[in-house]
Amino acid sequence: MTDRAVEDLLRALAPQVLGVLVRRHGQFYACEDAVQEALLAAATQWPAQGVPDHPRSWLVTVATRRLTDEWRSERARRDREVAVAVREPAYAAVAPAADEEPPSGDDTLKLLFLCCHTALTVSAQVALTLRAVGGLSTAEIARAYLVPEATMSQRIRRAKQRIEAAGARFAMPSAADRDARLGAVLHVLYLIFNEGYTASSGAELHRAELTGEAIRLARELRRLLPDDGEVAGLLALMLLTDAHRGARTGPGGELVPLAEQDRGRWDRAGIEEGVALVTEALTWSAPGPYQVQAAIAAVHAEAPAAADTDWPQIVALYRVLARLAPNPMVTLNQAAAVAMVDGPRAGLALLAPLDADERTAGHHRLAAVRAHLLELAGDRDAARAAYLAAARATISLPERHYLEVRAARLTGDR
Amino acid sequence: MLLIWNRPGFVEELSEEERNAIFGEVDVIMKELTESGELVGGEALAHPAQTRTVRPAAGGGTEVTDGPFLESKEQFAGYLTVDCETPERAAEIAARWPDVAHGVGVLEVRPVMEQSGTEM
């Protein structure tokens, strides 16, 4: 088996093995450490020595051994201190045979809910989900997020401590809690996806792995919760967005906006799967924000050329989205779509109230959309000033270059 | 990124007690930032006397001169990179840095440009 295949296998097995251990022993913190060690042992031994016949059992056995070693040495310390001569029986001897455990998808789900615990900051939720559910090592997560391994390791350690301090149990949350917690799970998966998707140069390889990992986890979540329309919607949204990847950067790594992308380079298989998923989900599920965003992406994907885009349909979908999840960023995108149907001045009118909203006032996206609409309206001086304001406000390098080029074009060719 | 600007050599003008207090405070903040997972990295810079400035020469080519680019009382002394939830949090860390707390320097807080961008 190749290193890559071993890695994929380990990532798929990681949450199952962790689930077995936590269900059997409790103590999420200690079990998670033990599973990480077992995964590392497998990653070094399997490519050279071959994958064992029962890889999951192998991992459960090795992780359990680590766990009992840890407990024994702790107990030995305590025993010496209190001078108690009685030895506990070896835990390994009383543990059920590893290969009796059925694989349980429920465990993966419980882990996802646990890692996206509301007591954690979002960056901690992301790190813990990637490690405990995704099976990535601390070093891999640190590389993907461009922080030192020590920083990431602290973040994960504190996240585990906070979960234990919050008294979280390894169980499905109550029905009342579930929706709010599922919202956090979907949000974390979408963040992981975006972290991978918005990256370009530098650590490209590791970041592309993040989009792959987010899609894999969303697929797994959909397998476990087939009756949730928003889970289907998020997976569809990821697939439809990821389908643009090959076309959204030019030869020099510069960003290519949606309207100028070579649609022949879009990934047709991803688009077909995403469109089918969201179309089907909308027939039986009440529409939620992820489904509507996926539907908007699907309308874009189905246009053979940018000029053929069904803008009235997109405007209608944005109206639904603005009602479901009112948010100034939605208004911003809605304004851009309205401009395509009713003209740039109608779009600019929608933008006006956003100057008074502290979430968007001074935000580079507001300035960038305004610049684009002003350019369409033929107001070159105001458009140029807005492009430059947007370039000053962004902290993304490719985006700043793009905006500066747009501004320069308005000065140059008059 | 937290850019630290201070007067070169100010440390020599302090009493030993003041020096220990300042270095102690730095250790406390660094420990906290490491534990919270907010610390990404940082470096202290050597004395500005060791700076070389490279600029285009008047007659074409380049020239190298001793000394920093800016002639000012306060010089760029080092930086700290932190990964925090909000810009306000970064400013809060900067406000606790001894250069600011003891009035011997200023910290400039600026976002680092990412090599990434959202789709437009």
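**Entry 1: ground rules**

I count a salt bridge when a side-chain nitrogen of Lys or Arg lies within 4 Å of a carboxyl oxygen of Asp or Glu. The model is predicted: local features need pLDDT of at least 70, side-chain atom pairs count only at pLDDT 80 or more, and totals for chains, interfaces and linings use all residues. Residues are numbered from 1 along each chain as its sequence is written, chains are lettered from A and ligands numbered from 1 in the order in which they are written, and side-chain values use heavy atoms, with hydrogens and water left out.

**Entry 2: between the chains**

I looked up the salt bridge between chain A and chain B. The rule finds one across this interface. R155(A) pairs with D83(B), and their closest N and O atoms are 2.6 Å apart. I then looked up polar contacts (a pair of N or O atoms within 3.5 Å; within protein, one must be able to donate a hydrogen and the other to accept it, and residues adjacent in sequence count only if both atoms are side-chain atoms). Four residue pairs are in polar contact between chain A and chain B, both residues being at pLDDT 80 or more.

Which elements give two or more residues to the side of chain A that touches chain B? They are helix 8 (149–165) and helix 19 (397–412) of chain A. Helices here are DSSP runs (H or I, at least four residues) and strands likewise (E, at least two), numbered from the N terminus. Helix 19 of chain A gives the largest share of that side, five residues. By type, the residues on that side are twelve nonpolar (Ala, Val, Leu, Ile, Met, Phe, Trp, Tyr, Cys and Pro), five charged (Asp, Glu, Lys and Arg) and eleven polar (the others, Gly among them).

**Entry 3: contact and area**

I took contact as heavy atoms within 4.5 Å. On that basis 28 residues of chain A touch 18 residues of chain B. Buried area is the accessible area (1.4 Å probe) that two parts lose on being put together, summed over both. Between chain A and chain B about 2,100 Å² is buried, and carbon and sulfur atoms give 51% of this. On the chain A side, T198(A), I395(A) and L397(A) lose the most area to chain B, together 25% of what that side buries.

**Entry 4: salt bridges, case by case**

- R11(A) bridges E7(A), with closest N and O atoms 3.8 Å apart. The two are four residues apart in helix 1 (residues 3–25) of chain A, so about one helical turn separates them. R11(A) is buried at 6%, while E7(A) is partly exposed at 29%.
- R219(A) bridges E273(A) at 2.6 Å between the closest N and O atoms. R219(A) sits in helix 10 (residues 204–224) of chain A and E273(A) in helix 12 (residues 268–284) of chain A, so the pair ties together parts 54 residues apart in sequence. R219(A) is partly exposed at 38%, and E273(A) is partly exposed at 30%.
- R52(B) bridges D66(B), the closest N and O atoms being 3.5 Å apart. R52(B) lies in strand 3 (residues 52–56) of chain B and D66(B) in strand 4 (residues 62–66) of chain B, so this pair ties together parts 14 residues apart in sequence. R52(B) and D66(B) are both exposed.

I also noted a network of salt bridges that links E32(A), D33(A), R131(A) and K160(A).

Methods:
Buried means under 20% relative accessible area, exposed over 50%, partly exposed in between (1.4 Å probe, protein chains only).
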